[in-house]
Amino acid sequence: MRKLLRRLERFSQALLSPLSYLSAAGLLLVVGALLTSKPLCQALPVLQWAPLQLAGQLLYNGMMVLIDNLSVILCVGVAAVRAKTEKQDAALLAFMAYLIYLTANHTTLEALDRLVQPDALTGLAGTGQTTILGIQVVDTGVAGGIVLGFAAAWLFNRTCEKQFRGMITQLYSGLRWSFLCLSALAVVQGVAFCFLCPPLQACVSAITGWIAASGNAGVFLYGFLERLLIPTGLHHLIYMPFQFSSLGGTLTVGSVTYTGAYAVSMTEYTMGLPLSDGIVWMYTGFTKTFGYLGIAAAFIFTARKENRARTAAAMIPLAITASLASITEPIDFLFCFVSPLLWVAHAAITGVFMVLLNALHVRAFTSNLLGSLVFNLSAGTNYQLLYLLGLVEILTYFIVFSVLIKAKNLPTPGRDDSLAADGSRHADPQEVCRFIAALGGPENIAQLENCFTRLRLTVRDASLLDMGALLSLPYKGLVVQGTHLQLVCGLQAAQIRHDIDQQLAEMAPA
């Protein structure tokens, strides 16, 4: 069990670095979303000024391209974090491998005549395929990038120092050998996913028929799976059939029949008709509008006191982005891999509140905060109960997440973010030497890594550790588990690790 937990910790640690930029991206994203928000532009005509609109579109689209290509970013970031040496080369090779993977996947789909034609309204959404970097491939969400990133790092670590003898073969030693191996790996994954993913997608699609015929139990499963499957990309296969096919209901007006919850609800709104029961399938926006405010509040509340201001500064823009623009990925990927328990609880709460909305016969728009206000006020829906339930959901998320985080000591934002005691950017060289000596010398250090705020080390012989010297170092904390150590040193962890690596290189025999 301990080995499993350690592996999960290393897994989440590898994802943490590439995801760390999402909080900063979320700040710019929310500014862009506000500047381009149609309801806000109608309320504040000054925002319709062309230069402001251009600035908003640049900010919004510039940040959304990161969200849309998160699979690529995770592949490169994971490979760089997990590589033991030559991290910049590992990142570059992982990116090249990702391009090869996309091309192999597309080429196989094309050869098998499985490429789907985009729909005029919904594009490739709900087809099981998507477009990444302009290449149409099987939709695996971020899972494809994560799998390739870890596999690429594992293979890189085992091939980057390989040397061949001979006039010709030595040309393919070292990093060039890694490139050849990673290229083969990428081709294999690209081809394999063409055969492995469609059966999984078919299983998810088969569930939609049961959901449609199962009343509130189906509504719960609909909301639960729509959130749970986001990292895999399979969530599209849950909501798209209901929102854009007859599973979501039909409406006939004269000689025209409107199909799917989205088309039906918008037609009813335009014609001034009461919203029908099919709008329940549009309630995936309810948690985006309200729930993420509770999630952000829980992360801020459970952060360490010295980190709450910084955590709030990072989380508030992301929560506003989710509520105003229904863009939840910046928060989702901050905790879905690091704390799977919270992710399952998140999906369950989403399903429960969709059932409550349906059971209480709430028929109103839940797309995003500004949009839902405009639609509901103009349509005269029973929006009062909707927003009351929204407040209840915020409180529910806050309580459930806060209790789970504290009870299980989960590594959510702000709980592992202590500053170095001296606040310096670089470690003192003498202090680095003392630290290495306390670890039993450079020969005793088997592995050295870092996350945001901690050094993570593995030593060869725990009996050589000088615990008195380690505890005397001016850092926030030390955790020792056998041959594994964690040293809390604050936001300077990456720089301190660099300084230690540099000192170890200087100590290495010539």
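## Ser-326 and its surroundings

Ser-326 is placed in the loop that links helix 13 (308–325) to helix 14 (329–335). The model described here is a predicted one. Leaving aside residues up to four places away in sequence, Ser-326 is in contact with Lys-288, Thr-321, Ser-367 and Asn-368.

Thr-267 provides a further reference point for Ser-326: 59 residues separate the two in sequence, and their C-alpha atoms lie 22 Å apart in space.

Helix 12 comprises 19 residues, 284–302.

How many residues of helix 12 are buried? The count is 16 of 19, and the helix is accordingly described as mostly covered.

## Packing of helix 12 against helix 15

Two packed helices are described by the angle between their axes and the distance between those axes. For helix 12 and helix 15 (residues 340–359), the axes come within 10 Å and cross at roughly 135°. The pair is therefore oblique, since an angle has to be over 145 degrees to count as roughly antiparallel and 65 to 115 degrees to count as roughly perpendicular. The crossing of helix 12 past helix 15 is right-handed.

On the helix 12 side, the contact is made by Thr-284, Phe-286, Thr-287, Tyr-292, Ile-295 and Phe-299. Their counterparts in helix 15 are Leu-342, His-346, Thr-350, Phe-353, Met-354 and Leu-357. An α-helix has 3.6 residues a turn, so residues three or four places apart point the same way.

Most residues other than glycine have a negative phi. Asp-113 is not a glycine, yet its phi is positive, at about 60°. This residue, Asp-113, is found in the loop between helix 6 (87–111) and strand 1 (129–132). Is Asp-113 buried or exposed? Its relative accessible area is 69%, and Asp-113 is therefore exposed, because the threshold for that class is over 50%.

Leu-133 is likewise a non-glycine residue with a positive phi, here about 55°. Leu-133 sits in the loop joining strand 1 and strand 2 (135–138). With a relative accessibility of 43%, Leu-133 is classed as partly exposed, because that class covers values between the 20% limit for buried residues and the 50% limit for exposed ones.

Definitions and conventions. Residues numbered from 1 in each chain as written. Predicted model: local features only at pLDDT ≥ 70, side-chain atom pairs only at ≥ 80, totals over all residues. Heavy atoms only, no water. Helix = DSSP H or I, 4+ residues; strand = E, 2+ residues; numbered from the N terminus. Expected span 1.5 Å × (residues − 1). Buried < 20%, exposed > 50% of the residue type's maximum accessible area, 1.4 Å probe, protein only. Axes fitted to C-alpha atoms, helices over the stretch in contact; angles between N-to-C directions. Parallel < 35°, antiparallel > 145°, perpendicular 65-115°, else oblique. Left-handed = near helix turned anticlockwise from the far one by under 90°. Contact = heavy atoms within 4.5 Å.
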